[in-house]
Amino acid sequence: MDIESYIAWIVKYYLPAMIANASPLLVKGDKVIDKGRLFIDGKPILGNHKTWEGFAIGVINSYLTGSAVGIAFRDPCIQVLSVVAGVSSMLGDLVGAFIKRRLGLKPGRPLPIIDQLSFTLMTTLSYLLLGVVDVISRPDYVLSTLALIFILHVAANNIAYMLGVKETRW
């Protein structure tokens with residue numbers, strides 16, 4: 001694996017998703033996505049920590065990141081894909097929240113693997129459904145990226161906890 005090509009690939013295809021996933025910490029939203037509704041099991045659908053403001057800032061920051069990356073790589077397709085990465089990343093996070101609520105976990109409580117990879121898996125699925133050849137043709141890069149993002153996610157959450165940005169280490 002050529003490390004320079006791999007890093008460039010991550011920056012193009014996964015940096016916007018990673019930025020989207022981290023961005024909701026920047027806002028204190030009050031427009032709760034599920035509006036406090038309960039699912040058929042009597043538990044919150046997503047919980048009060050999932051807001052439209054957080055979703056929007058994730059997509060916006062993904063787009064801004066993808067725009068800068070697209071300019072740097074002289075590839076306007078990256079800008080378009082960054083919107084896909086932002087939306088799919090945020091949807092992946094919502095799927096993770098939905099699963100955690102079904103398991104009776106409160107917002108902020110850890111659920112290893114789901115917490116670290118739901119956004120990445122949803123982004124990857126979106127790229128596969130769209131037929132993004134540079135992703136489909138590099139399963140080695142995809143698997144390496146999943147492992148790398150898992151490690152980075154755990155490290156970033158611990159740093160955010162130590163800085164007082166997050167209430168839990170996970």
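N158 is a residue of helix α7. The model described here is predicted. Helix α7 spans residues 139-162 and also holds I159.

**N158**
- N158 counts as buried because its relative accessibility is 12%, and the cut-off for buried is under 20%.
- N158 and T168 are 10 residues apart along the chain, and 8.1 Å separates their C-alpha atoms.

**I159 and the surface patch**
- I159 has a relative accessibility of 45%, so this residue counts as partly exposed; that class lies between the buried limit of 20% and the exposed limit of 50%.
- I159 belongs to a nonpolar surface patch of about 630 Å².
- The patch is made by I159 together with L25, Y161, M162, L163 and V165.

**The largest pocket**
- Rolling a probe the size of a water molecule over the atoms shows where empty space is left.
- The largest pocket contains about 1,400 Å³ of space.
- Helices α2 (15-22), α3 (52-72), α4 (76-102), α5 (114-130) and α7 are the elements that each give two or more residues to the lining of this pocket.
- The lining consists of 44 residues, and those nearest the centre of the pocket are N21, P24, L25, K50 and K166.
- By residue type, the lining has 23 nonpolar, 12 polar and 9 charged residues.
- L25 is named both in the nonpolar surface patch and among the lining residues nearest the pocket centre.

Terms used
Residues numbered from 1 in each chain as written. Predicted model: local features only at pLDDT ≥ 70, side-chain atom pairs only at ≥ 80, totals over all residues. Heavy atoms only, no water. Patch = residues over 30% accessible without salt bridge, like charges linked within 9 Å, V, L, I, M, F, W, Y side chains within 5 Å. Areas by Shrake-Rupley, 256 points an atom, 1.4 Å probe, with all protein chains shown as cover. Salt bridge = Lys/Arg side-chain N within 4 Å of Asp/Glu carboxyl O. Helix = DSSP H or I, 4+ residues; strand = E, 2+ residues; numbered from the N terminus. Buried < 20%, exposed > 50% of the residue type's maximum accessible area, 1.4 Å probe, protein only. 1 Å grid on protein atoms, 1.4 Å probe; cavity = no way out; pocket = protein on both sides within 12 Å on 5 of 7 lines; lining within 4 Å. Points joined across faces, edges and corners; volume = space filled by probe spheres on them. Nonpolar A, V, L, I, M, F, W, Y, C, P; charged D, E, K, R; others polar.
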